[in-house]
Amino acid sequence: MGLPAVWGAAAITYKLACPLAQQNGLGARIASCAVFFAVGTGLMLHVRRGLLRELRQVRKVAGAAQGALLRPLPPRVDGLNIAAAQFSADRGASVGGDLYEVIGTEHGVRIVMGDVRGHGLAALGTVAAVLGSFREAVHDEAELAGVLRRLERAMARHLRERAKAEHPSSGLDPDNPVAEEFVTVLLLEIGPDGEMRALNCGHPRPYLLRHHAEPVGVRGQVEHLAVGDPLPPLGLFPLPAELPVVRCGPFLPGEALFLHTDGVEDARDGAGRFFPLGAALAEASRSQPLSPQSVLRTVFTQLLRHAGGFPTDDVAVLVLRNDRQQGVGAPLGARGTARQATMDPQPTNHL
């Protein structure tokens, strides 16, 4: 308050004590206007500096929350080379409603990719609930279905707590926005032998990339991974009693998995055309060598060019390449980052 008080005192002193301010001539009026204009400009600059200082502090806090919530992934987990990137459609937020995690366990490498309804800071609570439950459940549950049950219970608890906070007297009101909140989830498990198993709750299917296409009619260079009929997103309806885990085939050495949220395929250009993700992945799979970092660069470059800037929805991408030796299983549960990931390892980026 010191500087505004000084500016105000200067203006009052000029008005009351300066002889020029008591005159009614044109020159005196111009001088008075100049003085008060300078005072007003000084006050606005002072307020602007205060707002910028507060904004920097808020962004610093958001960055710390992002690091704790959607923490950077290690470059390598159990022989899998990893790269990930995300950005929020809410330009005032560092993290949005997309989530992902990769954890090596004694049951295999377990992966979650999810997308919360909505984006920005409002979705952070749901992201925290789902990720927190996943990080605990993957080590405790021997079956992938058990992990999904834990996520469903965590989501239900989160919605109940939100409902009580917003409508403490009426419980979960059907008109309450919390009643419409949900999250799509893709759970993927890669065993030591490379066999993949999946459970999909309304999330976009991942892609399998190969550096060299197999003979015509066998398997293409870019393939939509079959993960079965989708289950309902968490939070909308209860999951069925039976959760059929889908076997997705082998994840062979040299192949890559591309997981994403719907913000990628839903991005449109000025003419309303959707982003051709399949074509972008086909181009990325021709790179030498097929690395997760090069796939990310290719896809994001084309995505931003197609959308003419940042898309209107949150976007998250996770790429994994199998660097295991043929016929040799990876050590179980290794999550450390001491091993070399690639010749030029890149950390997880938050765009």
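Guide: Happy to! A patch is made of residues with over 30% relative accessible area and no salt bridge, like charges being joined within 9 Å. In this predicted model, R153, R157, R160 and K164 form a positive surface patch of that kind. R153 sits in helix α5, which covers residues 144-166. With a relative accessible area of 43%, R153 is partly exposed, so it passes the cut-off of over 30% for a patch.

R162 makes a salt bridge with E181, with 3.0 Å between the closest N and O atoms. R162 belongs to helix α5 and E181 to the loop between α5 and β5, so the partners are 19 residues apart and link distant parts of the chain. R162 is partly exposed at 23% relative accessibility, whereas E181 is buried at 8%.

Now let's follow the chain to strand β5. E189 meets R110 in a salt bridge of 2.7 Å, N to O. Here too distant parts of the chain are linked: R110 lies in strand β4 (residues 108-116) and E189 in strand β5 (residues 183-190), 79 residues apart. R110 has 0% relative accessibility and E189 has 5%; buried means under 20%, so both qualify. E189 has another partner in R197, at 2.9 Å between the closest N and O atoms, and R197 is buried as well as E189.

These pairs are among the twelve salt bridges of the structure. Elsewhere, R76, R321 and D323 are joined in a salt-bridge network.

Definitions and conventions:
Residues numbered from 1 in each chain as written. Predicted model: local features only at pLDDT ≥ 70, side-chain atom pairs only at ≥ 80, totals over all residues. Heavy atoms only, no water. Patch = residues over 30% accessible without salt bridge, like charges linked within 9 Å, V, L, I, M, F, W, Y side chains within 5 Å. Areas by Shrake-Rupley, 256 points an atom, 1.4 Å probe, with all protein chains shown as cover. Salt bridge = Lys/Arg side-chain N within 4 Å of Asp/Glu carboxyl O. Lys, Arg positive; Asp, Glu negative; His and termini not counted. Charge placed at Lys NZ, Arg CZ, Asp CG, Glu CD. Helix = DSSP H or I, 4+ residues; strand = E, 2+ residues; numbered from the N terminus. Buried < 20%, exposed > 50% of the residue type's maximum accessible area, 1.4 Å probe, protein only.
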